[in-house]
Amino acid sequence: MSETDIQADVTVDAIGSACPGPLMDLIGKIKDVDDGTVVELLTGDEGSKNDVPEWVEEANHELLDIVDEGEHWAIYVKKT
Amino acid sequence: MTDRIVIVGGGSGGTITANRLAEELEPEIEAGEVEITIVSDNPNHLYKPLYLYVPFGEATLEDTKRPLVDLVDRRVNLVFEHVTEIDTDGKQLAMANGEAMDYDYLVVATGAIPEPEETPGLGEDEPGHHFYGPDAATELREALANFDEGHLVLSVIGTPHVCPAAPVEFPMIADQWFRERGVREDIEITYTYPIQRLHGVRPTAEWMVPRFEERDIQTKTFFNVDNVEDGTIETLEGKELDFDMMIGVPEFTAASIIEEAGLGEEWMEVDRNTLESEHAEDVYGIGDVTNLPTSKAGSVAHYASGTLVSRLSSEVRGQTPTETFHGKTICFIEAGTEEGTFIEFAYDREPVVRDENRFLHWSKLGYNEAYWLTARGVM
């Protein structure tokens with residue numbers, strides 16, 4: 001378990017969604033929000049810890065943090 | 001008192017469930033204790049996997065449909081009307097003709113609806129084609145018939161999409177189809193996918209890599225289509241790709257009544273084992289409309305219907321339901337026009353993709369005919 005001070009503007013709850021669901025849910029949200037928006041992705045899929053940072057780098061957004069919440073992970077991405 | 005079971009939707013999930021329920025509950029129906037009704041806004045049942053074959057002239061639109069009255073058990077009532085509202089508190093449906101229909105048990109089987117209009121430049125009379133509907137598949141057939149040189153791009157845009165294997169199959173069928181027509185060396189084929197591998201199902205992605213290489217099908221990953229202009233695809237990642245023919249696998253959505261009825265924000269939210277709604281009593285979901293964590297494939301509706309029929313029949317009889325669904329899914333995959341394979345998986349079991357062969361190709365073609373027995377609840 002860890003903590004973060006990051007305040008998300010929007011949350012995408014993809015817990016229970018199997019791969020590639022969480023990443024696609026995040027991509028869909030990033031598509032809709034304005035630049036500068038911080039999106040929190042909640043995912044129970046451990047693969048998201050690798051998939052999401054790879055896509056964020058590819059798409060030139062900013063990965064702020066990955067937080068282990070015990071049963072799931074919270075991944076914070078800022079749209080740039 | 002008669003228990004009224006109402007099924008909304010006459011696709012695979014709705015039709016198979018109705019027919020199996022009619023068989024299972026025959027004594028109760030004969031005794032007037034149970035009544036089963038399908039409400040569908042389409043008098044035809046559509047076998048959508050055949051749309052893949054329409055662009056190649058291997059199936060016609062007539063092949064894809066049968067009248068529901070010919071497929072549905074005579075003990076099931078058929079109402080051809082559009083459902084506009086689901087009131088799960090009052091246990092009542094509102095229909096477009098202004099009438100209401102009461103239910104005791106509701107099965108929602110409204111499917112997934114393609115939304116090409118969500119991607120600028122994709123759809124009928126647009127530069128980007130798709131094959132997830134009769135008109136679009138017909139339009140693509142004409143475009144392909146007149147395509148003998150240039151760059152063909154198949155882009156998976158939205159996930160989840162229906163028929164999960166179709167985007168894998170299309171480039172491989174196109175490759176062989178162009179070879180048979182003697183134009184393959186003048187056509188470049190590129191397949192694109194939104195995430196970092198070629199398919200969401202990892203073993204399928206691994207199976208694709210050497211086969212696409214052998215066939216000289218180019219690939220691009222992390223490719224999220226933003227818009228399709230004349231001759232160029234632009235992506236969310238800032239990439240551009242020129243094309244002469246573009247085929248997109250569009251985004252899909254659930255019917256708006258799902259969210260309006262509070263049954264789910266995006267897809268209908270159901271328990272993955274019991275298929276019961278997470279938000280309403282005596283309401284079940286089946287098929288592509290649900291958020292089940294597996295593919296949106298007809299086989300899922302087929303296998304899940306066994307669980308649903310067992311549980312619903314137990315409820316009607318005042319017994320405790322015991323059967324549960326564990327995500328069994330089967331998809332055939334065409335590897336061209338002469339060979340095929342299949343994958344079988346479940347919630348907790350990844351598929352093993354076997355080498356393709358001619359027998360499995362013919363099995364798929366055979367099943368496309370035998371499907372009508374599945375719809376009848378026979379196999």
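Begin by selecting B:Glu356 and B:Arg211, both of which are buried, where buried means under 20% relative accessible area, exposed over 50% and partly exposed in between (1.4 Å probe, protein chains only). The model is predicted, so local features need pLDDT of at least 70 and side-chain atom pairs count only at pLDDT 80 or more, while totals for chains, interfaces and linings use all residues. Residues are numbered from 1 along each chain as its sequence is written, chains are lettered from A and ligands numbered from 1 in the order in which they are written, and side-chain values use heavy atoms, with hydrogens and water left out.

Stay with this pair: the side chains of B:Glu356 and B:Arg211 form a salt bridge at 2.8 Å, N to O, the term standing for a side-chain nitrogen of Lys or Arg within 4 Å of a carboxyl oxygen of Asp or Glu. B:Glu356 sits in the loop between β22 (340-345) and α9 (358-375) of chain B and B:Arg211 in helix α6 (residues 202-214) of chain B, so the bridge ties together parts that are 145 residues apart in sequence. Helices (H or I, at least four residues) and strands (E, at least two) are DSSP runs, numbered from the N terminus.

Next, select B:Arg311 and B:Glu276, whose side chains meet in a salt bridge of 3.5 Å, N to O. B:Arg311 belongs to helix α8 (residues 298-316) of chain B and B:Glu276 to the loop between α7 (256-260) and β20 (283-285) of chain B, so parts 35 residues apart in sequence are tied together. B:Arg311 is buried at a relative accessible area of 8%, whereas B:Glu276, at 27%, counts as partly exposed.

Then move to B:Asp104 and B:Arg4, a salt bridge in which the closest N and O atoms are 3.0 Å apart. Here B:Asp104 is buried, with a relative accessible area of 11%, and B:Arg4 is partly exposed at 28%.

Finally, colour chain B by its domains: domain 1 (3-112 + 254-316) and domain 2 (114-252), with bounds that come from an automatic or database domain assignment. About 1600 Å² is buried between domain 1 of chain B and domain 2 of chain B, and carbon and sulfur atoms give 76% of it; buried area is the accessible area (1.4 Å probe) that two parts lose on being put together, summed over both. On the side of domain 1 of chain B, select B:Leu52, B:Pro55 and B:Phe56, which lose the most area to domain 2 of chain B, together 40% of what that side buries. Across this interface of domain 1 and domain 2 of chain B, the rule finds zero salt bridges.
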